[in-house]
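My entries follow in the order in which I worked.

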Amino acid sequence: MPFRLSPTTLLRPEAAGALLFQQDRAETAYLDMEGLTELRRLCDPRPRQEQDVFFTRYLLQQGLLVTGEDESSLRRIEACLEEARHIEAPPRSLAVPETIHFSVTGRCDQACVGCFYSARPGSEVEPEHAPWELFQRVVEEAGRHKVFQMALGGGEPLLHPQIVGMVRLARQRGVVPNLTTNGNCLDRDLAQALREAGLGQAQISLNGASPQANSATRPNFEWAVAGMRACREVGLRFGINFLLTRSSAQELEPVVRLGSELGAATVNILRPKPPTTEGDWLQRESLDRVGYRKAKEMLPRLSRLAGETRVTVDASFTFLLTDKPPHALYRNGVWGCTAARRFCTVIQDGRVLPCSHVRQSDVGDGDFMRAWWESEVFARFRAQEDELRGPCRACDYLEVCKGCRAVAMAFEGDFTASDPHCPRGAR
């Protein structure tokens, strides 16, 4: 049976390989030269040997490949194979970011316990909206270099008066825009406008399945759920961001159930990061190794409960996935910490960061490609495997995990320290 690339699959050459990106589902797959050669074989209508069943099934399940002949797919893949032989990339990194996190504002209309951004009402910490000119410059550059996605955040991005125009411009430049929101402003009219402008997905923050449970960390249960319903009514894809803390852990299963009932595409489980509000919040609310081991044991059950809703974990939770061997995780696209390797952050004053949670920068003006190639801060993130000390350094999962530098610095005061919460260390 012949195959072809999905009409919504982008193909981008990388050093000794390629990236495939499914625009509708925001699924990405990295192929080395062997994988790219196998993809070419799958899309060649001429008689072939037996195919790699796992590889083919994976690409079909992710919507990257569909059945049917298409000579243009074969030509694209052959051109990509040739280009991939000549592309250079920084060490342990893609040649170009896959995703750019763009902070459109530092303002927010609510104050949440443990907020890593300190975007409290009236806060003077980076309070201004990103200027349109900065966003335009970044998105134009992203389009030229074939960056796949932009994650629009803040602060509360829906407070930016030009947010719909930002979404529209990104989509016009071939970059899929997504955003993270508290949902307070997300009524039906705005959801419709965002869908028509081309928003890929809205991630709505929710830490409890009832007003009382959610209020332990967030004050807006009713508005968040109303925002989800508005998205569902207009056909805008949405997901839930769930912050896993001591106060919210018992709500993880109820939130997954609620997300499934509401039609969420995903429930993404986030790890608490250093806040800029209460100084000891992270120490009080982070789960310990035993707590994270229990969370790891819950994941298979949560996936079953979720139905068509996907349960995902953020990159700093790679240690929750270690029931599979490292090579299997890598084969399924797990890279662990990908700051300065697959993504970077541009904040509203133009500073370029490797990670939203480690506010170190030596490049400004939104010039993410200069940071990608020249930043010493980025280079340090790419050298983690060489610098980490303790259990992380000796771990079999080092290459596909690396822990979280923001958490390690908060607890240990050292960029090179091992992740203090990895459940593998409790054995």
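**The second largest pocket**

I began with the second largest pocket, which holds about 440 Å³ of space. On a 1 Å grid over the protein atoms alone, a pocket is an open set of points where a 1.4 Å probe fits, with protein on both sides within 12 Å along at least five of seven lines, and lining residues have an atom within 4 Å of a point. The volume is the space filled by probe spheres set on the points, which are joined across faces, edges and corners.

I noted that this is a predicted model, in which local features need pLDDT of at least 70 and side-chain atom pairs count only at pLDDT 80 or more, while totals for chains, interfaces and linings use all residues. Residues are numbered from 1 along each chain as its sequence is written, and side-chain values use heavy atoms, with hydrogens and water left out.

The lining of the second largest pocket has 15 residues, and Leu 31, Asp 32, Gly 35, Phe 55 and Arg 331 are the ones nearest its centre. Two or more lining residues come from each of β4 (27–32), α1 (33–42), α2 (53–61) and α12 (326–331), these being DSSP runs numbered from the N terminus, with helices (H or I) of at least four residues and strands (E) of at least two. β4 gives the largest share, four residues. By class I found eight nonpolar, two polar and five charged residues in the lining, where Ala, Val, Leu, Ile, Met, Phe, Trp, Tyr, Cys and Pro count as nonpolar, Asp, Glu, Lys and Arg as charged, and the others, Gly among them, as polar.

**Helix pairs**

How do α1 and α2 pack, at what angle and how far apart? Their angle is about 80° and their axes lie 11 Å apart, the axes being lines fitted to C-alpha atoms over the stretch in contact, with angles from 0 to 180 degrees between N-to-C directions. That makes α1 roughly perpendicular to α2, since angles of 65 to 115 degrees count as such, those under 35 as roughly parallel, those over 145 as roughly antiparallel and the rest as oblique. Gly 35, Glu 38, Leu 39 and Leu 42 of α1 meet Phe 55, Thr 56 and Leu 59 of α2, contact meaning heavy atoms within 4.5 Å.

I then turned to α5 (residues 163–172) and α6 (residues 188–197), which pack at about 20° with axes 8 Å apart, and α5 is therefore roughly parallel to α6. From α5, Val 164, Val 167, Arg 168 and Arg 171 touch Leu 190, Ala 193, Leu 194 and Ala 197 of α6. This contact of α5 with α6 has six nonpolar, no polar and two charged residues.

For α9 (residues 252–262) and α11 (residues 289–306) I noted an angle of about 25° and axes 9 Å apart, so this pair is also roughly parallel.

**Backbone points**

Which peptide bond is cis? I found the one from Gly 154 to Gly 155, with omega near 20°, and Gly 155 sits in the loop between β7 (149–153) and α5. Arg 92, a residue other than glycine, has a positive phi near 55°, and I located Arg 92 in the loop between α3 (71–84) and β6 (99–103).
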